Amino acid sequence: MTLYIGNLSYDATEENLREVFEKYGEIRRIVLPVDRETGKRRGFAFVELVDESQETAAIDDLDGATWLGRVLKVNKAKPKQ
């Protein structure tokens, strides 16, 4: 399962996300998309942890939490269509 992190601060970095999510377990990957034209971050990210139960704990703890001045939206990522 991959987590979607929405309403993310544009100042957030992969290192910032790693610090937050490694508390929940081993991280498989982090994707922090950037706009192709401007090179700026797009305000969301995807985080995949090794253990699905740890991802559930991260959702429970972080959805609605304030981080870097923004209220986060954390949930299961929907598959690409």
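Start at Val20: with 15% relative accessibility, Val20 counts as buried, because the cut-off for buried is under 20%. The model is predicted, so keep the confidence colouring at hand as you go.

**Stop 1: Val20 and helix H1**

Select Val20 and show its surroundings. The residue sits in helix H1. Leaving aside residues up to four places away in sequence, Val20 touches Leu62 and Trp67. Draw a distance from Val20 to Trp67.

Now select all of H1, residues 14-21. Which residues of H1 are buried? They are Leu17, Val20 and Phe21. Turn the view to look down the axis of H1. The buried residues fall within an arc of 85°, so they line one face of the helix. An α-helix has 3.6 residues a turn, so residues three or four places apart point the same way.

What does this face pack against? Show E1, E2, E3, H2 and strand E4 (66-67): the buried residues of H1 pack against these elements.

**Stop 2: the sheet**

An open sheet is formed by four strands, in the order E2-E3-E1-E6, with antiparallel pairing. E2 and strand E6 (73-76) are the edge strands, and each pairs on one side only. Neighbouring strands of the sheet are turned by 20° against each other on average, direction ignored. Bring H1 back: it packs on the sheet and touches E1, E2 and E3. The direction of H1 makes about 145° with that of E2.

Next, zoom in on E1. On one side, E1 pairs with E3 in the antiparallel sense over three bridges. Select Leu3 to see Val47 of E3 standing opposite. E1 is also joined to E6 by four bridges, and these two strands run antiparallel. Here, select Ile5: its bridge partner in E6 is Val74.

**Stop 3**

Not counting residues up to four places away in sequence, Ile5 touches Phe21, Gly43, Phe44, Ala45, Phe46, Val47, Leu72, Lys73 and Val74.

Ile5 also belongs to the largest nonpolar core, which has 20 residues. Which members of this core touch the most other members? Select Ile5, Leu8, Leu17, Phe21, Leu62 and Trp67. At least two core residues come from each of strand E1 (3-6), helix H1 (14-21), strand E2 (27-31), strand E3 (45-49) and helix H2 (52-62).

**Stop 4: helix H2**

Select H2. Glu55, Ala58, Ile59 and Leu62 are its buried residues. They cover an arc of only 100° around the axis, which puts them on the same side of H2. Among the elements covering these buried residues are E1, H1, E3 and E6. Move on past the end of the helix. Gly64 follows H2, and its phi is positive, near 90°.

**Stop 5: Thr2**

Go to the segment before E1, where Thr2 lies. Is Thr2 buried or exposed? At 17% relative accessibility, Thr2 counts as buried. Show its contacts, again not counting residues up to four places away in sequence: Arg29, Phe46, Val47, Glu48, Glu55, Asn75, Lys76 and Ala77.

**Stop 6: two positive phi values**

Select Asn7, in the loop between E1 and H1. Its phi is near 60°, a positive value in a residue other than glycine. Asn7 is partly exposed, with a relative accessible area of 34%.

Then select Leu68, in the loop between E4 and strand E5 (70-71). Leu68 is also a residue other than glycine, and its phi is positive, near 55°. With a relative accessible area of 44%, Leu68 is partly exposed.

**Last stop: the annotated span**

Select residues 1-79. UniProt lists this span as "domain: RRM", in an unreviewed entry.

Terms used: Residues are numbered from 1 along each chain as its sequence is written. This is a predicted model: local features need pLDDT of at least 70, side-chain atom pairs count only at pLDDT 80 or more; totals for chains, interfaces and linings use all residues. Side-chain values use heavy atoms; hydrogens and water are left out. A nonpolar core is a set of buried Ala, Val, Leu, Ile, Met, Phe, Trp, Tyr and Cys residues joined through side-chain atoms within 4.5 Å. Buried means under 20% relative accessible area, exposed over 50%, partly exposed in between (1.4 Å probe, protein chains only). Contact means heavy atoms within 4.5 Å. The arc is that of the directions from the helix axis to the C-beta atoms. Two strands pair if DSSP finds at least two bridges between them. Axes are lines fitted to C-alpha atoms, for helices over the stretch in contact, and angles run from 0 to 180 degrees between N-to-C directions. UniProt positions are given in the numbering used here, feature names are shortened, and annotations may be inferred rather than shown by experiment.
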